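Please look over the sequence and the model shown here, and then follow the paragraphs below with the structure open beside you.

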Amino acid sequence: MNEIIRNIKTDFSNQLANARTLEDLEQVRIQFLGRNGALSELTKQMRELSPEEKRVVGPLLMNVKEEIQQAFDNAHAQLLDAQARFEKEKQRNFDVTASRRPSLEGSLHVYTQIIQKLEDIFISMGYRVVDGPEVEADYYNFEALNIPSDHPARDMQDTFWLNIPGMLLRTQTSNVQIHTMEKDHAPLAIVSPGRVYRNEARDASHEFMFMQLECLYIDKNVSMANLLYTTQTFLEAVFEKETKIRVRPSYFPFVEPGVEIDASCPFCKSGCAKCKFSTWIELLGAGLVHPHVLRAGGIDPEVYSGFAFGMGIDRLAMIKHDIDDVRHFKSNKMAFLEQF
Ligand code: DAH
């Protein structure tokens, strides 16, 4: 028995000395101090001894149990301590000069940049910026803008209709005209940038969702002269250079007369790819607000008159930044976005 106990002790000492981690230690514990470990086995064997033998071996066994438990607890405490010191040392050796991977720099989307610039220009001229609904009633998008349900102009704006009768995704920001007149009455001066939707096949120059900016000015004695002066001033501010305008007759149901306004090409004098070698860039649909529209907005056309114009923001951005495909704007490609 003495010999067995001595063997267990040496065995235990060796294994404990080799234990490097908490997991190693746990294995040693199970092997010697566990329920089926070497010491339990020994206790079981003791039952077979005679009372005389028990009296001798009993205290020996008690001693070795205590010794082993003590040695184990010490080793366990030391290992925990060593680990704690190691962690501390690691932190102390933290290299504050080590370089990290460069992080990406964010920027505003090119839409946002242009819209902010346009808004600044109009605010400086005394206009207010208003918002309009993208989910809209037929009435505000068409009917009240002098486009009744049988009007051929509806064909020019292929519409996304909702399942709810009479509801659609707005095809133009002109819908804000009526909302603003109803709410604020005359006089008023507003611009409204925002998304519009058309049920069109996508290609380099067509999108089913794009951006427009609407401008509406109503007061007493507003004439074509106010429209021309305002658009020229505005276009000069956009292109940051002297700009001439060219006015061509056109037709939009909500204005009379209706015109299209072109800007002299800011990039060339005698024709370039951007102006398709015409020296003019087509930018705005405009006109004097139709009396039907004023009346629909609750404004008396005998007292007030006004002008309105609309512009495609995508087109402006494409010309300004030489963007060759309208689909880039919503592609979310880093290579595109990083340029602005
Ligand atoms: N809403 C027109 C469109 O989407 C653009 C437009 C033309 C707006 C003439 C106007 C305007 O306010 O007077 O094609």
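By class, four nonpolar, four polar and five charged residues make up the lining of the second largest pocket, where Ala, Val, Leu, Ile, Met, Phe, Trp, Tyr, Cys and Pro count as nonpolar, Asp, Glu, Lys and Arg as charged, and the others, Gly among them, as polar. The volume of the second largest pocket is about 260 Å³, a volume being the space filled by probe spheres set on grid points that are joined across faces, edges and corners. Of the 13 residues that line the second largest pocket, Glu242, Ser264, Cys265, Cys268 and Lys269 are the closest to its centre. A pocket here is an open set of points on a 1 Å grid over the protein atoms alone, where a 1.4 Å probe fits, with protein on both sides within 12 Å along at least five of seven lines, and lining residues have an atom within 4 Å of a point.

The model is a predicted one, in which local features need pLDDT of at least 70 and side-chain atom pairs count only at pLDDT 80 or more, whereas totals for chains, interfaces and linings use all residues. Residues are numbered from 1 along each chain as its sequence is written, and side-chain values use heavy atoms, with hydrogens and water left out.

On the scale of the whole protein, the domain assignment gives domain 1 (2-92) and domain 2 (110-337), with bounds that come from an automatic or database domain assignment. The centres of domain 1 and domain 2, taken over C-alpha atoms, are separated by 87 Å.

A nonpolar core is a set of buried Ala, Val, Leu, Ile, Met, Phe, Trp, Tyr and Cys residues joined through side-chain atoms within 4.5 Å, and buried means under 20% relative accessible area, exposed over 50%, and partly exposed in between (1.4 Å probe, protein chains only).

Which residues does Leu118 meet, leaving aside its neighbours within four places in sequence? Leu118 is in contact (heavy atoms within 4.5 Å) with Leu213, Phe234, Val238, Met311, Ile313 and Leu316.

Asp314 and Gln212 are 102 residues apart in sequence, while their C-alpha atoms are 7.7 Å apart in space. Ile319 is found in helix 10 as well and is buried, with a relative accessible area of 7%; leaving aside its neighbours within four places in sequence, Ile319 is in contact with Phe267, Lys274, Ile281 and Leu283.

The backbone deserves a separate look. Most residues other than glycine have a negative phi, and most peptide bonds are trans. The peptide bond from Ala186 to Pro187 is cis, with omega near -5 degrees, and Pro187 lies in the loop between helix 7 (175-184) and strand 4. Another cis peptide bond joins Glu256 and Pro257, with omega about -5 degrees, and Pro257 lies in strand 7.

Glu240 has a positive phi, near 55 degrees, in a residue other than glycine; Glu240 is found in the loop between helix 8 and strand 6 (245-250) and is exposed, with a relative accessible area of 61%. Asn332 likewise has a positive phi, near 60 degrees, and lies in the loop between helix 10 and helix 11 (334-337), where Asn332 counts as exposed at 58% relative accessibility.

Notes. Helices (H or I, at least four residues) and strands (E, at least two) are DSSP runs, numbered from the N terminus.
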